[in-house]
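Trainee: I would like to learn how to read side-chain contacts in a model. Where do we begin?

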Amino acid sequence: MSMQARIEAALSEVFDPQHLEVINESHLHAGHQPSFNGEGETHFRIRIVSQKFENTKLLDRHRQINDVIKDEFEQGLHALAIEAKTPDQYVKL
């Protein structure tokens, strides 16, 4: 199972999201380090909408998400961008 699939499964199980995107952005970071060519699963963006974020500060939402996927950092995850919203905050474009 890919890291992306593991992240999606873990977040779905814990947060029961109304909307979830786990986007591999590793290719956007090619060349930031001399030895990194942008391949693999090292940089992700998470867009998640869940009722479970209601009455929760943004920093606490980020902490909750990081706690759920903390093992992925040991598996090579290097960077994570998080957009965590409640259903009332979510606006589809």
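Mentor: Begin with burial. A residue is buried under 20% relative accessible area, exposed over 50% and partly exposed in between, with a 1.4 Å probe and protein chains only. R47 is partly exposed, at a relative accessible area of 30%. This is a predicted model: local features need pLDDT of at least 70, side-chain atom pairs count only at pLDDT 80 or more, and totals for chains, interfaces and linings use all residues. Residues are numbered from 1 along each chain as its sequence is written, and side-chain values use heavy atoms, with hydrogens and water left out.

Trainee: How do I read the confidence, and where is it lowest and highest?

Mentor: pLDDT is the predictor's confidence in each residue, from 0 to 100. The chain average is 86, and 82% of the residues score at least 70. Helices (H or I, at least four residues) and strands (E, at least two) are DSSP runs, numbered from the N terminus. Confidence is lowest in helix α3 (residues 70–74), with a mean of 91. Helix α2 (residues 58–68) has the highest, at 97.

Trainee: How do I read strand pairing, and which way do β1 and β2 run?

Mentor: Two strands pair if DSSP finds at least two bridges between them. Strand β1 (residues 19–24) and β2 run antiparallel, joined by six bridges. L20 has I48 in β2 as its bridge partner. On to β3 (residues 79–85): β2 pairs with this strand in the parallel sense, over seven bridges. Here I46 is partnered by I82 in β3.

Trainee: Is β2 mostly covered or mostly open, and how many of its residues are buried?

Mentor: Mostly covered. Strand β2 spans residues 43–49, and five of its seven residues are buried. Keep one general idea in mind: in a regular strand the side chains alternate between the two faces of the sheet.

Trainee: What counts as a salt bridge, and how many does the search find?

Mentor: A salt bridge is a side-chain nitrogen of Lys or Arg within 4 Å of a carboxyl oxygen of Asp or Glu. The whole structure has seven. One of them joins E21 and R47, with the closest N and O atoms 3.6 Å apart. E21 sits in strand β1 and R47 in strand β2, so this pair ties together parts 26 residues apart in sequence. E21 is partly exposed, at 28%.

Trainee: Which residues form salt bridges with R45?

Mentor: E25 is one partner, at 2.8 Å from N to O. R45 lies in strand β2 and E25 in the loop between β1 and β2, so the contact links parts 20 residues apart in sequence. E25 is buried at 15%, whereas R45 is partly exposed at 22%. R45 also forms a salt bridge with E83, where the closest N and O atoms are 2.9 Å apart. E83 belongs to strand β3, so that pair ties β2 to a part 38 residues away in sequence. E83 is partly exposed, at 27%. Together, E21, E25, R45, R47 and E83 are linked in a network of salt bridges.

Trainee: How do I read an aromatic pair, and how many does the structure hold?

Mentor: A pair of aromatic rings is described by the distance of the centres and the angle of the planes. Rings of Phe, Tyr and Trp (its six-membered ring) pair if their centres lie within 6.5 Å; planes under 30 degrees apart count as stacked, over 60 as edge-to-face and the rest as tilted. The structure holds one such pair. The ring centres of F15 and F53 are 5.1 Å apart and the planes are at 40°, so the pair is tilted. F15 lies in helix α1 (residues 3–15) and F53 in the loop between β2 and α2, so parts 38 residues apart in sequence are tied together. F15 is buried at 4%, and F53 is buried at 0%.
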